[in-house]
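Subject: Model handover

Hello,

The structure you asked about is below. My notes on it follow; please read them with the coordinates open.

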Amino acid sequence: MGLKLVLTGNYSIAYAAKMARVNVVAAYPITPQTSIVEKLAELIEGGELDAVMIRVESEHSALAACFGAALAGARVFTATSSQGLLYMHEMVHWASRARIPIVMGIVTRTLGPPWNIWPDHTDYMDQRDTGWVMSFAVDNQEAFDLTLQAFKISEDPRVYLPVMVGIEGFILGHTTMPVEIPDQSAVDEWLGPRRQPYVIDGSDHLALGNLASPEDTEEFFMDIQNAMEEAKKVIAEVDEEYSKIAGRPSMGLVECFKCEDAKYLAVSMGAWSGDLKEAILQLRDEGFDVGLARIRYYRPFPAEQLYERARGAKGVVVFDRAISFGSAGPIFLDTLASIARYSRKTPYVKNVVAGLGGVNITSEDFSKIIRKFVEEVESDALVPFEWYHRRGG
Amino acid sequence: MRVVVEPSRYKIPLARPSIGVAGKTGSWRLERPIVDNNACTRCFLCEIHCPVNVIRVEPETGVSINYDYCKGCGLCADVCPVGAIKMVPEE
Amino acid sequence: MSKPALPYKARDVVLPGDAACPGCPIPIAWKVLSAVFGDKMILVIPASCSSVVVGMYPGNSLKASVIHVPFASAAAVASGVAEALEKRGVSDVQVIAWAGDGGTADIGMASLSGAAERNHNFIYIMYDNEAYMNTGIQRSSSTPRGAWTTTTPILGKGEEKKDVARIMIAHGVPYVATASIGYVHDFYSKLVRASKIKGFKFISLHAPCPVGWRFDPRYTVRVARLAVETGLWILYEYYDGRIHLSGPSRPLLDPSKRKPVEEYLKLQGRFKNVDEKMVKSIQEYVENNWEWVKRHM
């Protein structure tokens with residue numbers, strides 16, 4: 001069996017890349033991601049990981065170098081945050097449209113100005129439409145598990161899309177927790193060698209990305225959408241297989257926490273879901289029929305699963321740590337669309353945007369918000385959108 | 001390190017070599033090069049410089065041109081050191 | 001006796017019927033590349049005329065490997081390709097970043113500088129047509145002073161041309177060269193030398209564009225040669241810490257052997273509006289360049 005290490009979220013991601021035996025790492029420092037690539041550099045220079053480290057001059061080049069290495073047959077990894085992620089955004093699209101497997105860690109951090117190093121989800125959400133499979137962890141163990149699984153999902157011929165794994169900076173990134181690391185030989189056997197749809201190494205005359213007609217181009221993009229649909233199956237399958245190596249239950253795209261019979265369903269993503277779970281336990285004690293559907297994969301969005309969880313509920317409250325200014329939180333928009341896709345009879349759905357700029361939201365805050373939400377539903381006076389803001393504490 | 005190439009069922013923007021990707025040139029070419037193979041010294045300069053790679057020089061037979069794809073730029077005539085290539089208007 | 005690589009090895013890779021304008025220097029250069037590397041080359045091409053020249057999916061006018069990449073990323077993508085191939089032990093294929101002057105001297109400068117400093121094992125070729133030709137002849141930092149472009153439509157470019165080869169020399173990379181589409185054998189021998197050196201190689205290739213420079217397409221090679229003959233474009237290699245002048249430029253160390261710059265300028269519509277003062281200043285630019293070259297020989 002494997003071993004148990006006490007790791008930060010960042011190191012958990014680095015160790016997952018090591019366990020996947022990546023061949024090339026290209027990265028650029030940015031707070032709060034930096035310690036991932038520092039750890040990988042240490043593992044590589046110390047001879048524990050047989051990989052090439054390309055210490056690039058920008059994030060744009062970090063993903064560009066990973067892209068090139070991936071085309072040429074390498075299993076690659078990079079990680080970034082915030083402004084760095086935005087700076088590489090052009091390459092983020094390019095990688096998925098080229099259908100080349102790549103794994104990237106995103107340690108989320110607020111965008112500026114003002115300069116702010118605390119986490120929210122805005123940088124991550126900015127990648128929403130890029131064609132990457134996007135997961136998000138709740139704790140360091142899941143950061144490790146999702147990262148390792150990302151390689152398998154990305155390299156599955158039914159998917160062949162890059163995968164990004166999100167965690168919040170500092171909250172997970174720099175906080176230590178015990179993390180179970182599976183046995184390397186079991187991982188090797190399960191993950192297998194690098195797999196990709198084509199390789200550009202001179203062995204064949206391939207040209208990636210020549211000008212194409214509108215019709216051909218649209219067909220490429222339609223197939224990305226098709227692959228996203230397939231990815232839902234693959235993610236569940238991979239999680240199931242992995243659970244056998246890891247000895248922990250699988251969860252698939254959504255974690256259901258006391259949500260089976262919940263009259264009131266909370267939807268959230270990321271580390272604050274831990275505080276939200278505490279609030280739910282507290283509220284259950286108080287007699288509220290509350291549960292949580294936690295998004296583990298934001299893309300493909302688990303529309304069916306959320307609909308299944310939400311259809312029997314009277315009210316759904318969606319917590320977003322990001323906002324599409326002038327509209328609402330992205331998870332709320334996806335949730336609402338998912339429910340409406342399957343039924344015209346929708347429950348009350350409320351959006352609470354909170355925690356932007358790294359504002360700390362506690363389990364008491366969640367309890368307060370949910371109590372108010374229940375009251376609104378019960379009195380048929382829903383406030384559909386609320387920006388929950390607090391100071392101090 | 002091993003790489004397994006397993007093709008995708010999906011449509012991927014990968015192109016392959018083919019002649020005439022931008023079509024034939026006969027319908028729009030304004031001038032065509034005409035070669036005097038008696039004057040030709042087989043120096044190969046026209047073949048080397050032809051941007052469309054349609055000129056072949058053979059020591060025995062001299063210059064031949066694939067007019068399907070010749071764009072009529074006239075570069076061959078300009079680099080010919082003995083004036084063996086003339087550009088003539090297309091009818 | 002074996003047949004010369006030019007033209008024989010250049011016959012099979014550049015396929016007829018591409019989407020280049022008549023007289024375009026790009027496929028001429030590709031023929032020279034193929035004379036050295038055959039089909040065993042991977043061209044990493046950022047947004048540029050070359051993105052279009054190779055033609056439309058599902059076809060491709062090159063019997064070689066091509067990776068189209070975003071504008072600023074050619075050197076970084078090539079870095080990744082080169083490192084992965086080395087890690088895999090693939091050594092029979094040459095990685096070449098093939099970028100225009102916009103993709104090199106402007107938007108690609110940072111990634112070029114980064115790749116050069118890290119000394120990745122590939123050849124970076126900047127084909128210099130001295131403006132953004134694919135978008136319709138806009139000024140780049142590599143456009144020469146006095147030249148008309150659509151973004152310097154009345155006054156011509158007011159600033160001096162950025163000398164990227166010198167910038168690359170300052171990076172201390174193992175090989176830097178200038179080359180010209182007018183001297184294909186010289187370009188060929190530079191590629192051969194570059195291919196034998198491990199690490200980062202940079203070649204700045206002067207590539208006159210008939211459309212953008214406003215000259216008859218038949219004069220692509222003539223214009224390129226005049227740039228060299230007037231001393232405006234100096235052919236050299238830089239290795240072992242000094243400049244080695246190349247054959248066509250060697251006699252021009254003697255200023256009396258250089259043709260006056262007017263002979264180069266008058267063939268091109270883009271210099272139609274330069275006045276005597278500007279011509280004089282362009283001539284001074286030539287002298288200054290030669291002084292710099294002499295100091296580093």
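Strand S3 of chain C (residues 65-69) is largely enclosed by the rest of the structure, because five of its five residues are buried. Keep in mind that this is a predicted model. A residue is called buried here if 20 or more other C-beta atoms lie within 10 Å of its own.

S3(C) has pairing partners in two chains. Within chain C, strand S1 (residues 41-46) runs parallel to S3(C) and is joined to it by five bridges; C:Ile42 is bridged to C:Ser65. From chain A, strand S10 (residues 207-208) pairs with S3(C), also in the parallel sense, over two bridges. There, A:Ala207 has C:Val66 as its bridge partner.

Chains B and C also meet through strands. S2(B) pairs with strand S2 of chain C (residues 59-60) in the parallel sense, over two bridges, and B:Arg16 is bridged to C:Gly59. Across the whole interface, 30 residues of chain B are in contact with 34 residues of chain C. On the chain B side, strand S2 (14-17), helix H1 (45-49) and helix H2 (75-79) each give two or more residues. H2(B) gives the most, with four. By type, that side of chain B divides into 17 nonpolar, eight polar and five charged residues.

H4(C) contributes C:Ala74, C:Ala75, C:Ala76, C:Ala78 and C:Ser79 to the contact, and H6(C) contributes C:Ser111, C:Leu112, C:Gly114, C:Ala115 and C:Arg118. Of these residues, six are nonpolar, three polar and one charged.

Some backbone details to check before you set anything up:

- A:Thr31 and A:Pro32 are joined by a cis peptide bond, with omega about 5 degrees. A:Pro32 sits in the loop between strand S2 (24-27) and helix H2 (34-45) of chain A.
- The bond from A:Gly112 to A:Pro113 is cis as well, with omega near 0 degrees. A:Pro113 is in the loop between strand S5 (103-108) and helix H6 (122-125) of chain A.
- A:Ser82 is not a glycine but has a positive phi of about 45 degrees. A:Ser82 belongs to helix H4 of chain A (residues 82-87) and is buried, with 29 other C-beta atoms within 10 Å.
- B:Asn53, not a glycine either, has a positive phi of about 60 degrees. B:Asn53 counts as buried, with 27 C-beta neighbours inside 10 Å.

Regards

Technical notes. Residues numbered from 1 in each chain as written. Chains lettered and ligands numbered in written order. Predicted model: local features only at pLDDT ≥ 70, side-chain atom pairs only at ≥ 80, totals over all residues. Contact = placed C-beta atoms within 7 Å. Nonpolar A, V, L, I, M, F, W, Y, C, P; charged D, E, K, R; others polar. Pairing = 2+ DSSP bridges. Buried ≥ 20, exposed ≤ 12 C-beta atoms within 10 Å, placed from the backbone.
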